[in-house]
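The questions below walk through one protein chain, part by part. Please keep the sequence and the structure in view while reading.

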Amino acid sequence: MSGIKIYNTLTKKLESFEPIDKNNIRIYVCGPTVYDLIHIGNARPIVVFDVLVRLMREVYPKVTYVRNITDVDDKINNQASKNNESISELTARTIDAFNQDAESLCAQKPDVEPRATMHISEMLAIISKLIDSGYAYISQNHVLFSVSSMKDYGKLSGRSLDELIDGARVEIGEYKKNPADFILWKPAQKDEPGWNSEFGRGRPGWHIECSAMSAKYLGEQFDIHGGGLDLIFPHHENEIAQSCCAFEKKYLAKYWMHNGFINIDQEKMSKSLGNVFNVRDI
């Protein structure tokens, strides 16, 4: 027993940390979508989980820390178009700036920092498993996860499916059987990044990226999954759904940890609201 206690979002309880393998603590944290400089709200999880990893390394002989980079996303496409630059130029420049800013915060680099675009084959393998086992379906060149096929969908956020649909911005699409069904793979336009697949030329949905990268570097089940409170639903909820169904496991991460927001004038700091302070500016 380490004496470390963690508030587990999954159980809504403060729990004593008991590792899956005391000789290798495995931690995955959702990293940046690289389309712009990070603000101090984005910096909070960098610092919070850096402290957690440092603590674990004081107690356990080995910690494997993975923090991903999302380098394929609608926000990236839109920003590159707005800047009149290529997507590769934007992501390369933004990744470099992110690493500089993280270093300026005295945060240690993760052991692995995988990029989504380098793991398309792993994503497609999971998608194929989900289709074969009846958890996903193809509709109008999209591949979607069927939330009704998973009986305990919503266990992380602690809400019913109806509550989740009512309380969240769920993307509407005529190709969906259920409004809450989420995209695993979608068609790519000619001017967008895309990869050939058995489902047609396309690109991954956001959620499948983290399931593929965490499984590759940490295994189908691991100790701790971290991120901001805003990721509980839909991102982390959907990660659990697709990973548990694809790998036939009862859980993805044993402990889920979420840092709070940084608020400005009682509002969440966000780029969409324009109330941001970039790390490098301060």
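Helices (H or I, at least four residues) and strands (E, at least two) are DSSP runs, numbered from the N terminus. This is a predicted model, in which local features need pLDDT of at least 70 and side-chain atom pairs count only at pLDDT 80 or more, while totals for chains, interfaces and linings use all residues. Residues are numbered from 1 along each chain as its sequence is written, and side-chain values use heavy atoms, with hydrogens and water left out.

Q: In which loop does Gln266 lie?
A: Gln266 is not a glycine, yet its phi is positive, about 65°. Most residues other than glycine have a negative phi. Gln266 is exposed, because its relative accessible area is 82% (buried means under 20% relative accessible area, exposed over 50%, partly exposed in between, with a 1.4 Å probe and protein chains only). Its place is the loop between strand E11 (263-264) and strand E12 (267-268).

Q: Is Glu248 buried or exposed?
A: Glu248 belongs to the loop between H7 and strand E10 (253-259), and its phi is near 55°, a positive value in a residue other than glycine. Because its relative accessible area is 70%, Glu248 counts as exposed.

Q: Which residues is Asp36 in contact with, leaving aside its neighbours within four places in sequence?
A: Asp36 sits in the loop between strand E3 (25-29) and helix H1 (40-59), and it counts as partly exposed because its relative accessibility is 36%. Its C-alpha atom is separated by 8.4 Å from that of Leu90, a residue 54 places apart along the chain. With contact meaning heavy atoms within 4.5 Å, and with those sequence neighbours left aside, the residues in contact with Asp36 are Thr94 and Lys271.

Q: What span does helix H4 reach from its first C-alpha to its last?
A: Helix H4 covers residues 120-132, which makes 13 residues. The expected span of a helix is 1.5 Å times one less than its number of residues, and for H4 that expectation is 18 Å. The span in the model is close to this value, at 18 Å.

Q: Which strands and helices do the buried residues of H4 pack against?
A: The buried residues of H4 are Ile120, Glu122, Met123, Leu124, Ile126, Ile127, Ser128 and Leu130. After the helix comes Gly134, whose phi is positive, near 85°. The elements that the buried residues pack against are strand E5 (136-139), strand E6 (142-145), strand E7 (182-187), strand E8 (202-204), helix H6 (206-218) and helix H7 (232-247).

Q: How are H4 and H6 placed relative to each other?
A: The two helices pack at an angle of about 105°, with their axes 9 Å apart, where axes are lines fitted to C-alpha atoms, for helices over the stretch in contact, and angles run from 0 to 180 degrees between N-to-C directions. The contact is made by Glu122, Met123, Ile126 and Ile127 of H4 together with Ile208, Glu209, Ser211, Ala212 and Lys216 of H6. Angles under 35 degrees count as roughly parallel, over 145 as roughly antiparallel, 65 to 115 as roughly perpendicular and the rest as oblique, and H4 and H6 are therefore roughly perpendicular to each other.

Q: Which residues of H7 meet H4?
A: H4 and H7 pack at an angle of about 70°, with their axes 9 Å apart, and are therefore roughly perpendicular to each other. On the side of H4, the residues are Ile126, Lys129 and Leu130. Their counterparts in H7 are Gln242, Cys245, Ala246 and Phe247.

Q: Which are the edge strands of the open sheet?
A: Four strands form this sheet in the order E5-E6-E7-E8, with antiparallel pairing; two strands pair if DSSP finds at least two bridges between them. The strands that pair on one side only are E5 and E8.

Q: Which residue of E8 does Trp185 stand opposite?
A: Five of the six residues of E7 are buried, so this strand is largely enclosed by the rest of the structure. Trp185, in E7, is the bridge partner of Val143. Three bridges join E7 to E8, and in E8 the residue opposite Trp185 is Pro204.
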